[in-house]
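This briefing is intended to be read alongside the sequence and the coordinates.

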Amino acid sequence: MPLATVNGVELHYRDTGEGTPLVWVMGTGMNGDAWHRYQVPEFVDRYRCITYDLRGSGRSECPDAPYSAGVMAEDLNALLDHLGVADAHFVGFSLGAATVQELAISRPERVRSAVLLSTWSSTSLEHHVRRHYESRIYALRHADDMDVFRKFAFWMWAPSTVDDRHEDLLELEAFLGTVSGARSRSGYIGHFAADLALETLDRLPGISCPVLVVHGDEDLITRPPYNRRVADAIPGARLVEIPRAGHLAYLEQPEAVNAAIGKFLQET
């Protein structure tokens, strides 16, 4: 189990394949193995695929310190140093997309290109996503049973997936349970604190690398207008909307998401 102590925190990572580095950055409360169901198998024959568990998730450490997307970007920057990676392509989902935003702003020399899946840019401005994160963190802090917290997770799926693909949904939810969690509840709380603190909108015009924003047309968390706001703020950014997909578009419609990522990388 590869572990690296970087930026004062122990991170678990996986490094597979050869070629140009392609770094996959997962979202709130989920570990890097979530990418290994549909995404890494699709790209590992062409890229060196690096996945890892953010601080506070999976097998990585849950430090007793403030969490933010900026801090996680510094973790990622230090992990790249550890792995001898000068620059790479990045795919980030949700909190992972926020982390990639911060890295592209603060360390532009590191980022060849960025794919931002299910993203947003201002928790103070985008009230719906703020209310969602506030409710999730409230459940974490006040519920004795983690099942109470998990009951909120169905909002991440598209309504059409819940209604029309229920057997598929049950199987995907079972998989999600295997790639969610942390060493302690504090890690989950730290992730939602980082979500609530995200404010990149005014700095997004400073991103200079090629960017693709991808979102589900039924995303009930990082709503389609939030994704469009990110794409509009970044010079030259492209936008792809995935039909019949929610916040977890990379699991609900993996072929369409992978095709969008592959086309973008090929053209970058």
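Does Thr-161 count as buried or exposed? In this predicted model, Thr-161 counts as buried, because its relative accessibility is 1%, under the 20% cut-off.

**Thr-161 and Arg-244**

- Thr-161 belongs to helix α6, which covers residues 159-164.
- With neighbours within four places in sequence left aside, the contacts of Thr-161 are His-166, Leu-169, Arg-244 and Glu-252.
- One of these contacts, Arg-244, is situated in the loop between β8 (238-242) and α10 (249-252).
- Arg-244 is partly exposed, its relative accessible area being 40%.
- The phi of Arg-244 is positive, at about 55°, although the residue is not a glycine.

**Backbone at Asn-7**

- Most residues other than glycine have a negative phi.
- Asn-7, a residue other than glycine, has a positive phi near 50°.
- The loop between β1 (3-6) and β2 (9-16) holds Asn-7.
- Asn-7 counts as partly exposed, with a relative accessibility of 42%.

**Helix α3**

- Helix α3 runs over residues 95-106 and has 12 residues.
- At 1.5 Å a residue, α3 should span 16 Å, and the 17 Å between its end C-alpha atoms agrees with that expectation.
- Of the 12 residues of α3, 10 are buried, so the helix is largely enclosed by the rest of the structure.
- The buried residues of α3 are Leu-95, Gly-96, Ala-97, Ala-98, Thr-99, Val-100, Gln-101, Glu-102, Leu-103 and Ala-104.

- Rolling a probe the size of a water molecule over the atoms shows where empty space is left.
- The count is one cavity of 30 Å³ or more.
- The largest cavity contains about 30 Å³ of space.
- Its lining consists of Ala-104, Pro-108, Val-111, Ile-207, Ser-208 and Cys-209; Ala-104 is also among the buried residues of α3.
- By residue class, the lining of the largest cavity comprises five nonpolar residues, one polar residue and no charged residue.

**Cysteines**

- A disulfide is a covalent bond between the sulfur atoms of two cysteines.
- How many disulfides does the count give? The count comes to zero.
- Cys-49 is in no disulfide, and the nearest cysteine sulfur, that of Cys-209, lies 18 Å away; a disulfide would need the two sulfur atoms within 2.5 Å.
- Cys-209 is likewise in no disulfide, its nearest cysteine sulfur being that of Cys-49, 18 Å away.
- Cys-49 is buried, with a relative accessible area of 1%.
- Cys-209 is buried as well, with a relative accessible area of 9%, and Cys-209 is one of the residues lining the largest cavity.

**Pro-66**

- Pro-66 is found in the loop between β4 (47-52) and α2 (69-83).
- Pro-66 is exposed, because its relative accessible area of 71% is over the 50% cut-off.
- Although Pro-66 and Ala-194 are 128 residues apart in sequence, their C-alpha atoms are 8.3 Å apart in space.

Conventions. Residues numbered from 1 in each chain as written. Predicted model: local features only at pLDDT ≥ 70, side-chain atom pairs only at ≥ 80, totals over all residues. Heavy atoms only, no water. Helix = DSSP H or I, 4+ residues; strand = E, 2+ residues; numbered from the N terminus. Expected span 1.5 Å × (residues − 1). Buried < 20%, exposed > 50% of the residue type's maximum accessible area, 1.4 Å probe, protein only. 1 Å grid on protein atoms, 1.4 Å probe; cavity = no way out; pocket = protein on both sides within 12 Å on 5 of 7 lines; lining within 4 Å. Points joined across faces, edges and corners; volume = space filled by probe spheres on them. Nonpolar A, V, L, I, M, F, W, Y, C, P; charged D, E, K, R; others polar. Contact = heavy atoms within 4.5 Å.
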